[in-house]
Amino acid sequence: MSEILLEIRNATKTYVQRGSKSKRQIVALENFNLAIPCAPASIITIAGESGSGKSTLANLVLGFTKPTSGQVIYQGQDMAAATPQQQQRYRREVQAVFQDPFGVYNPFYRVQHVFDMVIRNFRLAENARQGRDMIEEALNIVGLHGEDVLRKYPHQLSGGQRQRIMFARAYMVKPRLIVADEPVSMVDASLRAAILDVMMRLRADGISFLYITHDLSTAFQVGDQIFVLYHGAVAETGQATEVIRKPHHPYVQLLISSIPDPDPRVKWQGTVDLPPEEEMRTIDSPGCRFHPRCPQRMPICLQAAPPLYPVSTDGQRAACYLYDQDVKRGKLQA
Ligand code: ADP
Ligand code: MG
């Protein structure tokens with residue numbers, strides 16, 4: 001068995017967008033690379049403003065869409081060439097939790113039905129008794145309690161409860177990885193910590209996460225690795241706490257400076273929203289995508305997209321020519 005649970009290798013996804021007169025290609029995700037180890041389980045945060053390519057990445061991992069180029073490799077197997085059995089196993093071991101759990105519940109079914117369906121679909125239990133025990137265990141791990149919640153209809157639950165039920169449902173399948181696309185963006189700030197706590201509890205139970213968010217303060221809380229996306233490309237990556245304490249990419253520096261309390265030991269209050277997207281990206285624009293907004297732009301930035309340069313000894317990397325050795329030397333001479 002491979003040491004790497006999930007690997008994304010050079011994944012690029014482009015979409016053709018048709019306007020009234022023209023059509024253009026949008027690069028939703030560009031040359032994305034990621035490797036999640038089998039152990040220990042970790043929460044990988046994908047952060048970025050709206051339109052930065054986060055859901056595109058989630059959809060690639062969940063197999064809802066295929067990469068234009070590049071690979072999604074699960075335990076050594078390229079999923080584009082997987083057998084039906086391998087695909088079935090993947091659908092079981094990689095589960096999803098979405099932003100709006102309201103949408104996934106049929107209003108006429110009680111919560112019990114959500115669990116009955118997952119037990120049936122994945123043939124999780126041999127008998128009713130075993131099924132009941134599994135549901136009870138799953139509810140407990142997300143901090144909910146049996147009978148009363150199971151009898152309820154979706155509209156009788158709070159946003160936080162619905163989201164917990166989604167995590168409980170995913171947990172029952174005993175996945176290796178949960179892709180959570182903005183799971184806390186619909187719940188209010190006071191409940192966010194509780195949902196993050198559920199994720200951390202499941203991590204302790206051996207489940208890894210691809211945690212997608214536009215809220216950097218939550219990434220700081222869960223730690224582990226972060227990828228900050230800007231217009232489909234990674235601007236900076238590393239340990240979340242380090243990237244947030246000491247950002248190197250000018251874009252990420254701007255983001256962090258917009259956080260109310262710059263002292264990371266103080267828990268941030270409320271949401272940290274990223275600034276709005278200002279310009280669309282097309283396939284024929286070379287160079288760094290942040291160039292138009294960058295306070296430190298240089299002529300070289302327009303020539304080609306910058307690669308990820310190491311900026312620390314612990315794996316932090318930033319896609320910015322400021323960290324290119326030649327550019328640095330040139331600057332010193334100038
Ligand atoms: P995020 O989840 O970070 O908000 P998305 O991954 O949804 O971003 O979108 C990234 C970019 O790709 C956006 O510019 C979006 O308009 C474009 N995009 C996403 N899905 C499609 C699609 N099915 N067809 C055309 N363009 C799309
Ligand atoms: Mg999205």
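Modeller: Buried stands for under 20% relative accessible area, exposed for over 50%, and partly exposed for the range in between. Please keep in mind throughout that the model is predicted.

Colleague: Is Arg123 buried or exposed?

Modeller: Arg123 belongs to the loop between helix H3 (111-121) and helix H4 (128-141). Its relative accessible area is 73%. The threshold for this class is over 50%, and therefore Arg123 is exposed.

Colleague: What distance separates the C-alpha atoms of Arg123 and Val173?

Modeller: Along the chain, Arg123 and Val173 are 50 residues apart.

Colleague: Is Arg192 buried or exposed, and what is its relative accessible area?

Modeller: Arg192 is placed in helix H7 (residues 189-204). A polar atom of its side chain lies 3.3 Å from the backbone oxygen of Val184. The limit for a buried residue is under 20%, and Arg192 is buried, with a relative accessible area of 12%.

Colleague: How many disulfides does a search of the whole structure find?

Modeller: A disulfide requires two cysteine sulfur atoms within 2.5 Å. For Cys294, the closest cysteine sulfur is that of Cys320, at 6.1 Å, so this pair is too far apart for a bond. Cys294 is buried at 12% relative accessible area, and Cys38 is buried at 14%. For the whole structure, the number of disulfides found is zero.

Colleague: Which residues are closest to ligand 1?

Modeller: The ligand is surrounded by 13 residues. By class, the shell comprises three nonpolar, seven polar and three charged residues. The closest residues are Gly51, Gly53, Lys54, Ser55 and Thr56.

Colleague: Which element gives the largest share of the shell around ligand 1?

Modeller: Two or more residues each come from S1, strand S2 (23-37) and helix H1 (54-61). The largest share is three residues, and it comes from H1.

Colleague: Which residues of H1 are buried?

Modeller: H1 is mostly covered, with six of its eight residues buried. After H1 comes Gly63, which has a positive phi near 80°. The buried residues of H1 are Lys54, Thr56, Leu57, Ala58, Leu60 and Val61.

Colleague: Which residue takes a positive phi in the hairpin of S4 and S5?

Modeller: Strand S4 (residues 69-74) is joined to strand S1 (residues 4-18) by five bridges, in antiparallel fashion, and Leu6 has Tyr74 as its bridge partner in S4. S4 also runs antiparallel to strand S5 (residues 77-78), with two bridges between them, and Ile73 is partnered by Asp78 in S5. Two residues lie between the strands of this hairpin, and the residue with a positive phi, near 45°, is Gln75.

Colleague: Which strands stand at the edges of the eight-stranded open sheet?

Modeller: The strand order is S6-S7-S8-S3-S9-S10-S12-S11, with mixed pairing. An edge strand here has a single partner strand, so one of its sides is left without a neighbour in the sheet; the strands concerned are S6 (94-97) and S11 (309-310).

Colleague: Which residue in S7 is the bridge partner of Val97?

Modeller: S6 and strand S7 (residues 177-181) run parallel and are joined by four bridges. In S7, the partner of Val97 is Ala180.

Colleague: How many of the six residues of strand S8 are buried?

Modeller: S8 (residues 208-213) runs parallel to strand S3 (residues 43-47), with five bridges, and parallel to S7, also with five bridges. Thr45 stands opposite Tyr211, and Ile178 stands opposite Phe209. Ser208, Leu210 and Ile212 point one way from S8, while Phe209, Tyr211 and Thr213 point the other way, and all are buried. S8 is therefore largely enclosed by the rest of the structure, and the number of buried residues is six.

Note on methods:
Residues are numbered from 1 along each chain as its sequence is written. Chains are lettered from A and ligands numbered from 1 in the order in which they are written. This is a predicted model: local features need pLDDT of at least 70, side-chain atom pairs count only at pLDDT 80 or more; totals for chains, interfaces and linings use all residues. Side-chain values use heavy atoms; hydrogens and water are left out. Buried means under 20% relative accessible area, exposed over 50%, partly exposed in between (1.4 Å probe, protein chains only). Two strands pair if DSSP finds at least two bridges between them. A residue is near a molecule or strand if one of its heavy atoms lies within 4 Å of it. Ala, Val, Leu, Ile, Met, Phe, Trp, Tyr, Cys and Pro count as nonpolar, Asp, Glu, Lys and Arg as charged, and the others, Gly among them, as polar. A polar contact is a pair of N or O atoms within 3.5 Å; within protein, one must be able to donate a hydrogen and the other to accept it, and residues adjacent in sequence count only if both atoms are side-chain atoms.
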